[in-house]
Amino acid sequence: MAVLNFTFCCSKLHCLPPSKPSSPILQIPSSPQVRTQYKITDDSPISFSESMSKVCITALVSASLFFAADPALAFKGGGPYGSEVTRGQDLTGKDFSGRTLIKQDFKTSILRQANFKGAKLLGASFFDSDLTGADLSDADLRGADFSLANVAKANLTNANLEGALVTGNTSFKGSIITGADFTDVPLREDQKEYLCKIADGVNSVTGNETRETLFCK
């Protein structure tokens with residue numbers, strides 16, 4: 001959309017009807033049937049080319065603001081800009097404890113033994129990431145995406161995973177889930193069966209029993 005607006009802006013500059021027969025007219029055909037006329041006068045404060053440059057620069061600024069506000073680019077840390085790139089990185093053992101990392105992008109990153117204890121990770125993406133042995137205890141993981149992630153041997157003690165996504169082959173094998181809240185987490189039957197075998201405790205924040213949030217029998 002931004003590119004189309006840019007092209008339109010640069011092609012429709014100061015369209016004026018001819019006022020004097022003696023004034024030079026630049027005619028640029030926009031279609032076989034329509035001819036667009038641009039008037040260039042000797043007393044113009046700026047030249048036609050300068051006018052084009054200024055308007056085109058304005059269009060570029062508008063385009064950059066459009067992309068910055070695009071909801072599809074809402075994740076943080078997913079590109080070459082920003083304070084910290086966390087997508088597709090080797091972050092083994094890195095300390096994120098207690099940090100506010102709302103909607104942070106950890107897609108495909110290696111996060112083995114990383115420390116997320118007490119971190120605010122609402123809506124964060126761990127899609128296809130390796131969280132083997134990571135400490136996610138007391139973390140706020142509501143709405144986080146664990147699709148295809150390896151969460152084996154992780155510490156999820158007292159973590160709040162309400163509404164988190166775990167589609168695909170997400171693995172919790174060997175993880176500690178004492179007091180973890182799995183409310184509204186769409187688990188496969190085999191995942192649910194495994195977690196119910198090791199589930200116990202009550203989440204200190206939500207007051208929900210882990211087994212109840214998993215609908216264990």
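A disulfide (a pair of cysteine sulfur atoms within 2.5 Å) joins Cys 196 to Cys 216, with the sulfurs 2.0 Å apart. Keep in mind that this is a predicted model: local features need pLDDT of at least 70, side-chain atom pairs count only at pLDDT 80 or more, and totals for chains, interfaces and linings use all residues. Residues are numbered from 1 along each chain as its sequence is written, and side-chain values use heavy atoms, with hydrogens and water left out.

**The disulfide**

- The count under that cut-off is 1 disulfide.
- Cys 196 sits in helix H3 and Cys 216 in the segment after helix H4 (210-213), so the pair links distant parts of the chain, 20 residues apart; helices here are DSSP runs (H or I, at least four residues), with strands (E) needing at least two, all numbered from the N terminus.
- The torsion about the S-S bond of Cys 196 and Cys 216 is about -90°, so this disulfide is left-handed.
- Both Cys 196 and Cys 216 are buried, where buried means under 20% relative accessible area, exposed means over 50%, and partly exposed is in between (1.4 Å probe, protein chains only).
- As background, a disulfide is a covalent bond between the sulfur atoms of two cysteines.

**Helix H3, side by side**

- Gln 191, Leu 195 and Cys 196 are the buried residues to look for in H3.
- They cover an arc of only 130° around the axis, which puts them on the same side of H3; the arc is taken from the directions from the helix axis to the C-beta atoms.
- Turn to the other side of H3 and you find Glu 189, Glu 193 and Lys 197 exposed.
- H4 is included in what covers the buried residues of H3.

**Salt bridges**

- There are 6 salt bridges, each being a side-chain nitrogen of Lys or Arg within 4 Å of a carboxyl oxygen of Asp or Glu.
- Arg 112 pairs with Asp 130 in one of them, their closest N and O atoms being 2.7 Å apart.
- Both Arg 112 and Asp 130 lie in the loop between helix H2 (48-68) and helix H3 (189-198), so the pair ties together parts that are 18 residues apart in sequence.
- Arg 112 is partly exposed at 36% relative accessible area, while Asp 130 is buried at 15%.
- Asp 140 and Arg 142 also meet in a salt bridge, at 2.7 Å from N to O; Asp 140 is buried at 15% and Arg 142 is partly exposed at 35%.

**The nonpolar core**

- The largest nonpolar core has 37 residues; such a core is a set of buried Ala, Val, Leu, Ile, Met, Phe, Trp, Tyr and Cys residues joined through side-chain atoms within 4.5 Å.
- The residues with the most contacts inside it are Phe 116, Leu 121, Phe 126, Leu 141, Phe 146 and Leu 161.
- Leaving aside neighbours within four places in sequence, Leu 121 is in contact (heavy atoms within 4.5 Å) with residues including Leu 101, Phe 106, Leu 136, Asp 140 and Arg 142.

**Ser 125**

- Ser 125 belongs to the loop between H2 and H3 and is buried, with a relative accessible area of 1%.
- A polar atom of the Ser 125 side chain lies 3.5 Å from the backbone nitrogen of Phe 127.

Technical notes. A polar contact is a pair of N or O atoms within 3.5 Å; within protein, one must be able to donate a hydrogen and the other to accept it, and residues adjacent in sequence count only if both atoms are side-chain atoms.
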